[in-house]
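Trainee: I would like to take a close look at a single part of this model, and then hear how the rest can be read alongside it. Could you take me through it slowly?

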Amino acid sequence: MASKQQVQSLTEEAICPICLDFFTEPVTLDCGHNFCRSCITHCWEKKEINSCPECREVFPERNLRINRALAKLAEKTRKLTIHRKQKESELHCEEHQQELKLFCETDKKLICYTCRDSREHKSHNFMPIKEAVEIYKKQLKSPLDFLTEKKSVVLEMEQNQKGKISEVREQSSSLQTHITSEFTKMRQILTEKEQRLLSDLREEEGKVLKQMTKNLGEIQENLNSIEEKLSKLQKQMEQKDELIFLKEEICQKRRISEDEQVLSVADVTLCVERFSGPLQYIAWREMIDSINTAPASLTLDPNTANPRLELSEDQTSVKLGDKRQPLPDTTERFDPWGCVLGSEGFSSGRHYWEVKVGKKTWWGLGVAKESADRKRKINRSPDIGYWIVWREPGRGYFAGTSPSLTPFTPSVKPRKIGVFLDYEGGQVSFYNADNMSHLYTFTDTFTERIFPIFCPGLNNDGKNSAPLTICRIKGHEQIHPIVSYHLPASCQL
């Protein structure tokens with residue numbers, strides 16, 4: 001570190017003789033002396049003769065050369081001086097201007113020897129600064145270790161959060177691609193339907209116009225023939241010779257009688273009803289079979305039904321019966337839990353079905369893996385192969401999660417539940433199928449066949465006796481509630 005004398009010497013070299021402060025934009029005169037540009041300029045403005053303020057040498061012209069080396073020296077010296085003053089202020093007692101050598105443990109402050117002997121610090125405990133530093137370093141080790149460990153934890157949290165942010169962005173990008181793809185397919189279906197209808201309309205228009213043009217030609221030919229005959233008759237009427245008139249009249253009547261025929265043309269029109277009917281509804285009916293994950297037409301598997309459950313004849317609805325039926329006790333049958341599986345399992349793809357719950361107060365719906373245990377009281381969680389939501393009277397709606405259930409509250413009480421299974425995507429989602437609002441989603445990895453599962457719940461003193469019913473939409477047995485066209489009898493499909 002530079003000594004005080006060295007700093008003083010450097011300071012003298014870096015001081016402008018005019019302003020007595022550190023050089024600012026120093027310039028050198030022809031005589032070799034240096035000044036701040038602003039200082040020498042201001043000085044010369046007051047004089048008629050350009051002379052050096054130090055040696056008095058006169059210059060015919062104002063030739064100022066920039067001294068960059070001196071400018072750097074002045075800046076470094078200025079910083080060194082400021083630093084040294086700060087250091088001196090920090091390491092010296094403000095009261096006695098002596099170097100701080102001791103640490104007063106009582107007052108927790110640095111003091112000089114004069115402070116130690118003063119009345120203010122009488123009977124206080126003192127120690128050398130070096131010893132105090134060692135003691136306080138030991139005291140800081142525990143919080144230092146704690147903060148180091150905490151920093152490590154926070155860094156890990158930061159990395160996890162960054163990972164999640166990246167994951168959300170990737171997921172959002174993937175979902176945007178999926179949404180665009182799905183709606184592109186729908187638009188393609190509609191565009192193809194539109195183009196087919198327009199092509200059919202143009203074809204029918206061509207056929208109708210061709211026939212009508214042919215009819216028009218025949219009409220015009222008939223018209224020309226009539227006009228020709230009228231012209232001849234008019235000339236005959238103008239004949240003044242009675243003998244010739246009678247002779248031509250007889251021949252003319254004979255020709256008219258021979259040529260006389262009734263003109264008949266085919267009456268053709270566009271089938272307006274085909275192209276102006278409920279086109280949106282007709283297109284929707286066609287789209288149901290074309291759209292991927294359109295509502296599936298499921299049936300129930302009676303071999304899996306609990307003995308107390310009653311299935312409808314077409315195996316699309318289930319309710320709790322009044323008594324237990326004498327059925328074979330097989331490994332695939334649910335007992336004691338009152339459930340039944342769908343007859344079709346899924347090991348790939350995306351599938352969607354809807355179940356009418358109506359005003360039922362107790363029900364359970366979802367999916368179950370094929371190997372899930374059906375012979376004991378089920379925990380109803382993904383841990384043992386069940387992804388289910390249900391409603392219980394007096395309690396509300398729940399998702400079967402582990403270790404505890406997850407309650408949820410629909411914005412509108414659902415009368416129909418939609419279940420969506422994306423096998424490869426590892427997703428089971430539930431919707432209020434009345435307005436397609438989302439209710440809950442499970443995410444998992446599926447490794448075996450997955451079956452729809454249905455539980456109608458207990459009868460609850462007759463308040464829950466209604467069945468669960470699979471909504472059969474794909475085969476057009478049921479019209480979707482969001483489309484309610486009333487078709488005229490002539491246009492029924």
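Where is the place of Asp 322?

Mentor: Please keep in mind that this is a predicted model. Asp 322 sits in the loop that runs between strand S10 (317-320) and strand S11 (340-341), and with a relative accessibility of 73% it counts as exposed, because the cut-off for that word is over 50%. Although Asp 322 and Asn 459 are 137 residues apart along the chain, their C-alpha atoms are separated by 9.2 Å.

From there we can turn to the second largest pocket, which holds about 440 Å³ of space. Its lining is made by 23 residues, and those closest to the centre of the pocket are Pro 336, Trp 337, Gly 338, Cys 455 and Leu 458.

Arg 65 is partly exposed, at a relative accessible area of 41%, and Asp 30 is partly exposed with a value of 41%.

Within helix H3 (residues 68-91), Glu 75 and Lys 79 are 4 residues apart, so about one helical turn separates them, and their side chains meet in a salt bridge at 3.9 Å, N to O. Glu 75 counts as partly exposed at 33% relative accessibility, whereas Lys 79, at 51%, counts as exposed.

In helix H5 the side chains of Asp 145 and Lys 141 form a salt bridge of 3.0 Å, N to O, and these two residues lie 4 residues apart, about one turn of the helix. Helix H5 spans residues 129-237 and also contains Ile 179, which is partly exposed with a relative accessible area of 48%. Together with Leu 175, Phe 183 and Met 186, Ile 179 makes a nonpolar surface patch of about 360 Å².

Definitions and conventions
Residues numbered from 1 in each chain as written. Predicted model: local features only at pLDDT ≥ 70, side-chain atom pairs only at ≥ 80, totals over all residues. Heavy atoms only, no water. 1 Å grid on protein atoms, 1.4 Å probe; cavity = no way out; pocket = protein on both sides within 12 Å on 5 of 7 lines; lining within 4 Å. Points joined across faces, edges and corners; volume = space filled by probe spheres on them. Patch = residues over 30% accessible without salt bridge, like charges linked within 9 Å, V, L, I, M, F, W, Y side chains within 5 Å. Areas by Shrake-Rupley, 256 points an atom, 1.4 Å probe, with all protein chains shown as cover. Salt bridge = Lys/Arg side-chain N within 4 Å of Asp/Glu carboxyl O. Buried < 20%, exposed > 50% of the residue type's maximum accessible area, 1.4 Å probe, protein only.
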